[in-house]
Amino acid sequence: MAEAHQAVAFQFTITREGIDLQLSHEALRQVYLSGLRSWKKRVVRLKNNVITGVYPASPSSWLFVVIAILATMYTRSDPSMGLIAKIQEHLPASDSLSVQCQTVVSAVLFSTLLWLSLIFTMKLCLKQLLSYHHWMFEQHGNLSNTTKVWVMLVRIFSGRQPQLYSYQGSLPNLPVPTIKDTIKRYLESVRPLMSDSEFKRMTTLAKEFEDSLGSRLQWYLKLKALWASNYVSDWWEEYIYLRGRGPIMVNSNYYGMDFLYVTPTPIQAARAGNTLHAILMYRRKLNKEEIKPSRIPGTFIPLCAAQCERIFNTTRIPGDETDSVVHWQDSEYVAVYHRGRYFRLWLYQAGRMLSPREIEHQIQRILDDPSPPAPGEEKLAALTAGDRIPWAQARKEFFSSGVNKRSLDCIEKAAFFVSLDEEEQGMMGDDPEASLDRYAKSLLHGKCYDRWFDKSFSVVLYKNGKTGLNAEHSWADAPIVSHMWEYVLATDSFRLGYNEEGHCKGDVNPSLPCPQRLTWDISVECQERVRRSLAVACALADDIDFHVFPFRDFGKGNIKKIRMSPDAFIQAALQLAYYRERGIFCLTYEASMTRLFREGRTETVRSCTSESCAFIKALEHGKPADVCRRLFRTASEKHQLLYRLAMTGAGIDRHLFCLYVVSQYLGVESPFLKKVLSEPWRLSTSQTPFQQAELFDFVNHPDFIICGGGFGPVADDGYGVSYAIVGEKLMCFHISSKHSCPQTDSHRFGTQLRKALLDLLQLMSGDQPEESRSEQNHGPKPQSKKEL
C-alpha cells in the first residue's frame with residue numbers, strides 16, 4: 001500500500017535514552033525533488049503571467065525604453081517634459097542618494113510608467129482592431145481597402161511569438177444585440193415552421209415584448225455587459241449545465257473516438273502507457289503556455305483560450321440545487337478503474353514524469369491485480385450517472401468523512417480519470433458499421449458504472465488496444481477537448497511509437513511503488529442508493545439508438561469544386577434527409593463558436609431557413625434542375641450569413657436566453673420568452689473541428705484518420721448529429737436518437753442522409769454523377785479483418 005511505502009520516510013521509537021529518530025535519505029530526496037518540481041512550476045507560471053501581462057510588448061522592451069530615455073537625457077534633453085524632475089522631488093529616500101543616483105532612479109521610474117502606458121495603449125488598440133468583423137462578410141479574395149489596412153494594423157499590433165493566453169487581455173467583450181434585431185431574426189427563423197395563424201400570434205407576442213418588458217430587461221443586460229467579461233458564459237454554464245437535475249450521462253456528456261481504421265498496438269497496457277504519457281506532455285505544454293493560440297482556420301485572428309484552464313484537475317461536484325465545477329492547481333496522479341476496483345496511479349517520481357514504458361508497467365500491475373472489489377465498490381460510479389439530487393445527498397451522507405471521503409477526494413482531485421475496459425471495441429468483425437455503433441455507445445455511457453462522469457474527461461482503454469474518451473460538458477466545449485485529443489493521438493503514433501512486440505519503447509523500472517488501491521466502506525443503505533441511480537442510468541442508456549458511419553463517396557474537396565461551403569452543404573443534406581423521413585421541417589440547432597470574444601463559448605445557428613425550405617420543396621416537387629441549383633446556392637449563402645452573424649455576436653438564442661434569466665431574477669413573466677425557450681430542437685447538429693492537420697501525414701499514413709465524436713439526442717423525439725470533415729475525401733457522421741420514440745430511427749436517418757448527400761452532389765455536378773463519383777477517392781479502406 002502507498003501509505004506503508006511512505007511511512008518508512010520517517011520512523012522513530014521512544015527509549016530510555018530519549019527518542020531514536022530514523023530518516024530515510026532516499027525518501028527525503030524524493031520529497032525534495034517533488035517540491036523542486038512544484039517550485040519550478042510556480043516560477044514558470046509567474047514568468048508566463050509577466051509575458052502575457054505585457055503582451056503584445058515583451059519584457060525586454062522595458063530595458064530598451066529605459067536605455068532610450070537615459071540616452072536622451074545624456075544629450076541634455078528632457079523627453080519627460082519635466083516629469084522626471086517632479087518624480088525626483090518626491091523620492092522617499094532622496095536624502096540617502098546622490099543627485100546622480102536620484103536622476104537615474106527617477107528616469108527608470110518614468111521609463112517604467114511610459115512603458116506601461118505604451119503597453120496599455122497597444123492592448124487597447126489591438127482590442128479595438130479585433131472588434132472589427134466586417135472582413136468576415138466580404139467575398140473571399142475580394143477584400144475592401146478598409147479590411148486591407150485593418151489586416152496590416154492587426155499584424156503590427158499583434159506582436160511576435162504569442163503564447164497560449166497572450167491575446168486574452170486584448171479580446172473584445174461580447175456585444176449585446178439590440179432587441180429589435182434579435183426579434184426580427186427570430187421571427188424570420190420560425191416563419192417556415194409555423195402556420196399563418198401561429199406566426200401571427202408569435203409576431204403579436206414579440207411586438208408586445210419589444211414595446212414593454214424587453215427594454216427593461218435589455219437595460220439590465222447592458223449593465224452586466226459593462227461589468228462582466230462576457231454577459232452570457234457564466235449564466236450559460238450555471239443554468240444550462242450545472243442546474244440540470246437530470247443525469248449528465250448521455251444528456252450532457254459527449255465522447256471522442258480513436259483512429260477509424262488503425263489500432264497502433266493490440267496491447268492494452270502499452271496503449272495506456274503512450275496515451276497517458278502523451279496527455280501529460282500536452283498538460284506540460286499547457287502549463288508552460290507553449291501551445292499556440294487557436295485561430296480561425298486560414299487566418300491570423302485569435303480565439304479565446306479561457307476554457308483551456310480547466311482541462312485537467314477538474315471535476316463537477318453535485319449539489320441539491322446546482323452543481324459546481326472545482327479546479328485544483330495541480331495533480332500528480334490519475335484515478336484508474338478496472339474490474340470494479342479503483343486505484344491511484346502516480347505519474348511522477350521525484351518530480352520526473354514517468355516514461356511510457358513505466359506507465360505501461362504500472363497499468364499492467366493493475367490489470368494483473370487479482371483482488372476482488374469491496375462490497376458496493378464495483379458500481380459506485382453509477383451515482384455520477386443518475387439524477388443529480390440523489391448523488392448530492394448520498395455524497396453528504398456517505399462520503400463526507402472517513403475512508404470514503406479520502407477515496408472520493410482522490411478521484412475528484414485526480415488529473416483525469418482512466419477506465420480499463422475488459423471489452424474489445426472499434427471498427428472490427430464481419431459487420432464493421434454495427435461495431436462502430438457499439439463503440440459509440442460504449443464511449444458515451446459504457447455500463448453506466450465504469451466511467452466517472454463528473455470528471456472533466458475520462459480516458460477509456462479497451463482490451464484490444466482501442467481507446468477513446470468521455471468528456472463532461474459544463475467546463476468547456478468540444479473543440480477544447482478535441483484539440484488535446486488530436487495531439488494525444490498524433491503523439492502516440494508518430495512521436496512515441498511502439499517496439500516490434502507492441503510494447504512502449506524504453507526500459508522497465510521494476511522499483512516503482514505499486515499503484516495504490518483505494519479503499520471504501522460502502523454501507524447497505526448506500527448500496528441501495530447506487531442501485532437506484534444505476535437503474536435510472538441503465539434505462540436511459542438502453543434507450544439510446546446510435547449509428548456511426550464513415551461517408552467515403554466524396555468529401556469537402558468535391559464540395560469546394562462546386563463552389564459551396566462544406567458545412568452549408570451538409571446542413572442542407574440534413575434538412576433534406578429529415579424532410580424525406582418525416583415530411584415536415586423542424587427547428588434545427590447548429591453549434592457555432594463565439595470565441596472571437598473574451599470567455600466566449602457557443603451560439604446557435606438556426607439552419608432551417610425559409611431559403612433552405614424553399615430549395616428542398618422545389619427539389620422534392622420535381623422543379624427544373626437549374627431552378628433547384630439557384631435556390632440551393634441562395635440557401636447556402638443564407639446559411640453562411642447566419643453562421644457569421646452568430647460568430648460575431650449577432651446571434652439569436654443566447655441573447656433571448658439571457659433576457660429570460662433577467663426576467664426570472666426580476667420575478668416577471670414573459671409569454672414571448674417562455675414560448676421561445678420551450679421550443680424543442682428536434683435536429684441538434686454540431687461539427688467536430690479538425691484543428692491540427694500539421695500533426696498528421698495523410699500522404700504517408702492515409703489510414704490514420706480520426707473519426708470525431710458524438711453526443712446524445714437533445715429532444716426525446718429528435719436526432720443528435722455530429723459530423724467530422726476529415727481531409728478532402730472523407731466525412732464521418734454520428735447519429736443518435738431514442739428507441740422509445742417510434743418516429744425516430746438512427747439507421748433509417750443515416751440511410752436518408754447518405755442518399756441526400758449523393759443527390760445534392762449530383763444536382764450541383766450536372767449530368768455526369770457517375771463519372772464524378774468514379775473520380776472520388778473513397779478514403780482508405782481496411783485490407784483485412786486483422787486491420788479492423
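The legends below describe close-up views of a predicted model. Local features need pLDDT of at least 70 and side-chain atom pairs count only at pLDDT 80 or more, while totals for chains, interfaces and linings use all residues. Residues are numbered from 1 along each chain as its sequence is written, and side-chain values use heavy atoms, with hydrogens and water left out.

View 1. A nonpolar core is a set of buried Ala, Val, Leu, Ile, Met, Phe, Trp, Tyr and Cys residues joined through side-chain atoms within 4.5 Å. Buried means under 20% relative accessible area, exposed means over 50%, and partly exposed lies in between (1.4 Å probe, protein chains only). The largest nonpolar core has 113 residues, and those touching the most other members are Ile311, Tyr342, Phe399, Phe416 and Met484. Beyond its neighbours within four places in sequence, Phe416 has contacts with Leu276, Ile279, Phe312, Val334, Ala335, Lys455, Phe457 and Val459; contact means heavy atoms within 4.5 Å. A second, separate core holds 48 residues, including Val176, Leu221, Ala225 and Trp681. In soluble globular proteins, nonpolar side chains tend to be buried together.

**View 2. Packing of helices α9 and α23.** Helices (H or I, at least four residues) and strands (E, at least two) are DSSP runs, numbered from the N terminus. Helix α9 (residues 213-227) packs on helix α23 (residues 653-666) at an angle of about 100°, and their axes are 9 Å apart. α9 is therefore roughly perpendicular to α23. Axes are lines fitted to C-alpha atoms, for helices over the stretch in contact, and angles run from 0 to 180 degrees between N-to-C directions. Angles under 35 degrees count as roughly parallel, over 145 as roughly antiparallel, 65 to 115 as roughly perpendicular and the rest as oblique. From α9, Arg216, Leu217, Gln218, Tyr220 and Leu221 meet His655, Cys658, Leu659, Val662, Ser663 and Leu666 of α23. By class, seven nonpolar, three polar and one charged residues make up this contact. Here Ala, Val, Leu, Ile, Met, Phe, Trp, Tyr, Cys and Pro count as nonpolar, Asp, Glu, Lys and Arg as charged, and the others, Gly among them, as polar.

**View 3. Ile267 and helix α11.** Ile267 lies in the loop between β3 (254-257) and α11 (268-287). Ile267 counts as buried because its relative accessibility is 19%. Not counting residues up to four places away in sequence, Ile267 touches Glu360, Glu501, Gly502 and His503. In α11, 17 of the 20 residues are buried, so the helix is mostly covered. At 1.5 Å a residue, α11 should span 28 Å, which agrees with the 28 Å between its end C-alpha atoms; the expected span is 1.5 Å times one less than the number of residues. Glu289, which follows α11, has a positive phi near 60°.

View 4. Most residues other than glycine have a negative phi. Asn313, in the loop between α11 and β4 (314-317), has a positive phi near 55°. Asn313 is buried, with a relative accessible area of 3%. Cys448 has a positive phi near 75° and is found in the loop between α16 (432-444) and β11 (457-461). Cys448 is buried, at 2% relative accessible area.

View 5. In α15 (residues 402-412), the buried residues are Asn404, Ser407, Leu408, Asp409, Cys410, Ile411 and Glu412. Elements covering them include β4, β6 (333-338), β7 (341-346), α14 (388-398) and β10 (417-420).

View 6. Leu143 is in the loop between α5 (99-130) and α6 (145-157). Leu143 counts as partly exposed because its relative accessible area is 37%. Apart from neighbours within four places in sequence, Leu143 is in contact with Glu138 and Lys148. Glu321 lies in the loop between β4 and β5 (324-327). Glu321 counts as exposed, at 61% relative accessibility. Residues up to four places away in sequence aside, Glu321 touches Arg243 and Arg245. Glu321 and Gly246 are 75 residues apart in sequence, and their C-alpha atoms are 12 Å apart in space.
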